[in-house]
Amino acid sequence: MSEKSFEGFSGETLSFLIDLGINNNRSWMERNRDRYRIELLEPFRALVKQLGPSMERIDPFIDVRPQVGKTISRISRDARRNKGKPPYRTNMWFTFRVPGPDWKDSPGFFFELFPDWYRYGMGFYLPSRATMVKLSEEIEKNPVRFVEKTKVLRDREFSVFGEKYKRRRNRKGVSDSLSEWLQYKDFYIASNHEIDEILLSSRLVGHLEAAFSALSELYEYFWELKMRDA
């Protein structure tokens, strides 16, 4: 039997996430395991599979396997690292990254679904201090190039997010707009959306393909900075 193509997430997908938030315990999850698989996991697998070819065109080394633990997040939390938290997440995501021991310090693409909103974008999970230093050096030494490479943030609905330093960091000769980049300990670029018709239809595939394609030049630039003097 051939796998279904992605036709959009549904109201049942969102209802499952809402219900899980209300009944976040193992006994409820065991009773609703089929709901999880049909309404949430299978659409995620179908979406990842359809995006695979376009992502491999961006980077042939990216992992596009539509599997939990590879590209798709687990619904259960790691009890060892999340003591005191509910056992299940009420959001789910996929990431397209180059696999390897330093994947947290490498740029990647992502999509994340919550009960009442969703987002997609590109960035680092936990960039190392060395990578952030290279970014700062690039801003100081090649500001014109940096502005050109990050123009996608001005041309499309993307914004920068991440944890900032408590005290403002300034560099002599760096413009106010570029100085904002220096305030981040880590960062990612995302476009946030309320639940809409795109999410609930097959149009989401083309929408994400266009968004990730628009970010591809910046993705390559971040890889270049990360690998500089490596």
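Biologist: In this predicted model, which strands each supply at least two residues of the lining of the largest pocket, and which of them gives the largest share?
Modeller: Strands E1 (92-96), E2 (108-113) and E3 (117-123) each contribute at least two residues to the lining of the largest pocket. The largest share of that lining amounts to three residues, and the element that supplies it is E2.

Biologist: What is the volume of the largest pocket, and which residues are the closest to its centre?
Modeller: The volume of the largest pocket is about 1,300 Å³. Of the 32 residues that line the largest pocket, the closest to its centre are Ser 73, Trp 93, Thr 95, Trp 103 and Tyr 125.

Biologist: Are H3 and H8 roughly parallel or roughly antiparallel to each other?
Modeller: Two packed helices are described by the angle between their axes and the distance between the axes. H3 and H8 (residues 203-227) pack with their axes 10 Å apart and at an angle of about 30°. Angles under 35 degrees count as roughly parallel. The relation of H3 to H8 is therefore roughly parallel.

Biologist: Which residues of H8 make the contact with H3, and how many residues of the contact are nonpolar?
Modeller: From H3, the contact involves Leu 47, Gln 50, Leu 51, Ser 54, Met 55 and Ile 58. From H8, it involves Leu 204, Val 205, Leu 208, Glu 209, Phe 212, Ser 213, Ser 216, Tyr 219 and Glu 220. By class, the contact of H3 with H8 has four polar and two charged residues, and the nonpolar ones number nine.

Biologist: Is the crossing of H1 and H3 left-handed or right-handed?
Modeller: The axes of H1 (residues 11-22) and H3 (residues 33-58) come within 8 Å and cross at roughly 130°. H1 is therefore oblique to H3. The crossing of H1 and H3 is left-handed.

Biologist: Which helix supplies the largest share of the lining of the largest cavity?
Modeller: The largest cavity holds about 30 Å³ of space. Its lining consists of Phe 124, Thr 131, Leu 135, Phe 187, Phe 222, Leu 225 and Lys 226. Helix H4 (129-141) and H8 each supply at least two of the lining residues. The largest share, three residues, comes from H8.

Definitions and conventions
Residues numbered from 1 in each chain as written. Predicted model: local features only at pLDDT ≥ 70, side-chain atom pairs only at ≥ 80, totals over all residues. Heavy atoms only, no water. 1 Å grid on protein atoms, 1.4 Å probe; cavity = no way out; pocket = protein on both sides within 12 Å on 5 of 7 lines; lining within 4 Å. Points joined across faces, edges and corners; volume = space filled by probe spheres on them. Helix = DSSP H or I, 4+ residues; strand = E, 2+ residues; numbered from the N terminus. Axes fitted to C-alpha atoms, helices over the stretch in contact; angles between N-to-C directions. Parallel < 35°, antiparallel > 145°, perpendicular 65-115°, else oblique. Left-handed = near helix turned anticlockwise from the far one by under 90°. Contact = heavy atoms within 4.5 Å. Nonpolar A, V, L, I, M, F, W, Y, C, P; charged D, E, K, R; others polar.
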